[in-house]
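Please consult the sequence and structure shown here.

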Amino acid sequence: MIDWKARIMTGLLALMTILGLLVSVHAGAALTPTGVTYPWNPAALAGDFLFFDAPWPPAATWTSLVALVLVVAVFAFVLAKQAQRASLKRNNIALKHMATRKQSAVLRETARTKEAAQLHPAAVNLPAGERVGQLVGRGNRWVYQGWRDLGVYVCGTGRGKTSALVIRHMLEAPGAAIMTSNKVDGVRETLAGRAGHGQTFIFDPNRIYRRDTRPDFVFNPLDYVQSAADARELAAIFEASTRKASDRGGDSQFDTAGRDMLAYFFLAAALEHDPLSQVFAWIARAEGHEVQRILARHGKTGPSSTIEGILSWPEKTKGSVYATAQRMASALADDDLLAWTSADRVRRFNPDEFIRSTDTLVLLSKDGEGSGGAILTALIRAICKTAEHAAQGNGGRLTVPLVMELDECANIVRWPELPSVYSYYGSMGIILNSYFQSRAQAIDAFGKDGWQTLWDAAATRVFGGGSGDDDFLRSLAALIGEHDEITYGSSTGKDGHTSTSTNTRKVNTLDIAALGSLPEWRAVLFSSKCRPVMVNTVPWFRDKTLTATINRTPPAKTPAPVRTAAAEAAARG
Ligand SMILES: Nc1ncnc2c1ncn2[C@@H]1O[C@H](COP(=O)(O)OP(=O)(O)OP(=O)(O)O)[C@@H](O)[C@H]1O
Ligand SMILES: [Mg+2]
């Protein structure tokens, strides 16, 4: 087959070159006449030049050069088109070996609507699920992520996570909806599209979207610290949020002691109803004895003994533990950030009311130290814990699913517990979707084991292309599977006898090259319910309904970057 194609292409190139030269000679003769009439038959023309000394028209040199350049350009264009067609064809061949129309029915509207009604019988107008994309080659039918499925999306940068998935899921959410980001992408569209759906809350201590210096609301993570376990979880969030990839393999003794110290300082502040700033002050002033006395007074023997133990260590070691705790709590040195935890005359965020509403929460933070990542993650944790309790008190599942779109998850939602909640939040109606640009980014944030737990537990796993990670692509190719490829061959013996043969071999339905170069807006969805399917994602700006919903709110009505005189001054520095 390939042989034939190569022969045809070579023939085409030769034909185009001959034609090009023929036309060039005639064009040259027209521009600089030689008095000779040249034939249009290429063989006769060549004969005239070679055997009858026909004069070469001077202008024909230039016209020939132009013709040759044109021929090469046209040929390159044809080759590029062929490669594009081959890639599409490869995708279409792959489609034949992926889930059939019947098999993928479990992911489509009818089945998902039935499932949604069973899961949330009391929810009014509940959509079939969260739309992921339209099935390629199967009538453009939508594939839905069900209301019991948590999702992990791995798509390279610019592959449509925000514009085709996050915005869509936020706008189509039936109840309360949360999105995270470290940039403005999708914020305006989400706010405009959800205008009229209850209240809007924007957490933005780094002023990524808002310009107002006053917090939009306050949330104090200490309100959710009721036990030593809660305190340790909060400290773990602070530790993970301030850890850089390069910190891995630090001194584990100081890390553990520093984290314990921070945790029990949080506990002491919560018991005394002190603000978060007090925690940083205790650490900075090395006032462990004060904390130990508070813990002992409240009967917290274990935490009190832990602090007492650390305080009895040699000065140098103790100093290192304080330094470690201070590094983990570094975000608390930022007054602008602390204002979001205790400002006066600012509305309080109430997770319990939020999860029962149709409100919108947009959580924004820069990456890195001093950003609001730890507080943002603590807020997510508080909402998740509140939703867990609400689900438990409601027969095990929320009345209406809670939608949480963790865009830029690896950069700002460093919640060590995230991978483990993936195994049971789906059954509670807490629908988390985590978005990563690559597997490496997820491993950086959650560790190899954390990533594996997350990926394995997710009922909907989507790969949207744009990855150069060979190992990951290989594992995806293996998940998609193999199929038999039949090749036909023919050979001619010395006696002129032609024989034909048929060979069968196993090939990957989509190999790593095809996965690595998925066309734009194309994704492969791996579901726990059926074989993988290939979908086209649809960005909001190509979706009439979403565009109309977003554009129906005039920009002036969108809770927009608020520009106050104070903010302008702050922005000017
Ligand atoms: N309003 C718009 N109109 C037209 N094209 C857009 C619009 N918004 C985004 N795009 C384009 O759509 C593509 C996908 O963008 P999107 O921001 O959704 O990618 P992403 O996967 O979220 O990227 P990142 O990982 O960098 O956040 C990009 O090529 C982008 O330029
Ligand atoms: Mg994005």
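Q: At what angle do helix α10 (residues 288-297) and helix α11 (residues 301-311) pack, and how far apart are their axes?
A: This is a predicted model in which local features need pLDDT of at least 70, side-chain atom pairs count only at pLDDT 80 or more, and totals for chains, interfaces and linings use all residues. Residues are numbered from 1 along each chain as its sequence is written, and side-chain values use heavy atoms, with hydrogens and water left out. Helices are DSSP runs of H or I with at least four residues, numbered from the N terminus; axes are lines fitted to C-alpha atoms over the stretch in contact, with angles from 0 to 180 degrees between N-to-C directions. The pair packs at about 155°, with axes 8 Å apart.

Q: How are α10 and α11 oriented to each other?
A: Angles over 145 degrees count as roughly antiparallel, under 35 as roughly parallel, 65 to 115 as roughly perpendicular and the rest as oblique. The angle here is about 155°. The two helices are therefore roughly antiparallel.

Q: Which term describes α7 relative to α15?
A: Helix α7 and helix α15 (residues 373-392) pack at about 140°, their axes being 9 Å apart. That angle makes α7 oblique to α15.

Q: How many residues of α7 are buried?
A: Buried means under 20% relative accessible area, exposed over 50% and partly exposed in between (1.4 Å probe, protein chains only). The buried residues include Leu-234, Ile-237 and Phe-238. Of the 15 residues in α7, the number buried is twelve.

Methods. Chains are lettered from A and ligands numbered from 1 in the order in which they are written.
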